Amino acid sequence: PKDDAKLDVIGWGLTEKGSQSNVLMKVTLKYINHANCSEKFWKNIKTQKLLGSSQFCAFEKNKDACAGE
């Protein structure tokens, strides 16, 4: 994806209450390339080691995907 592309994260993962949602959840987040992700969120860790080639880094203030998505 291009930087700042909007990505929809959809799933039945664990919610902030720690239980699995029985409703399909969706959040839209901004894509961040691996280099910028590393700089913004993982200053002392190589993000490329944490994110596989099929994974994305995405962020939107006050929004989050469920655990396990």
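This is a predicted model: local features need pLDDT of at least 70, side-chain atom pairs count only at pLDDT 80 or more; totals for chains, interfaces and linings use all residues.
Local features rest on pLDDT of at least 70 and side-chain atom pairs on pLDDT 80 or more, whereas totals for chains, interfaces and linings use all residues. Numbering starts from 1 along each chain as its sequence is written, and side-chain values use heavy atoms, without hydrogens and water.

The structure contains one disulfide, a pair of cysteine sulfur atoms within 2.5 Å. Its partners are C37 and C57, whose sulfur atoms lie 2.1 Å apart. Because C37 belongs to helix α1 (residues 34–41) and C57 to strand β3, the pair ties together parts that are 20 residues apart in sequence. Here helices (H or I, at least four residues) and strands (E, at least two) are DSSP runs, numbered from the N terminus. The torsion about the S-S bond of C37 and C57 is about 70°, so the disulfide is right-handed. Both C37 and C57 are buried, that is, under 20% relative accessible area with a 1.4 Å probe and protein chains only.

Strand β3 (57–59) also contributes to the largest pocket: β3 and β1 (6–11) each supply at least two residues of its lining. The largest share, three residues, comes from β1. In total, 14 residues line the largest pocket, and V9, L29, F56, A58 and A65 lie nearest its centre. By class, the lining comprises seven nonpolar, two polar and five charged residues; Ala, Val, Leu, Ile, Met, Phe, Trp, Tyr, Cys and Pro count as nonpolar, Asp, Glu, Lys and Arg as charged, and the others, Gly among them, as polar. The largest pocket holds about 290 Å³ of space, a volume being the space filled by probe spheres set on grid points joined across faces, edges and corners. On a 1 Å grid over the protein atoms alone, with a 1.4 Å probe, a pocket is an open set of points with protein on both sides within 12 Å along at least five of seven lines, and lining residues have an atom within 4 Å of a point.

Terms used:
Buried means under 20% relative accessible area, exposed over 50%, partly exposed in between (1.4 Å probe, protein chains only).
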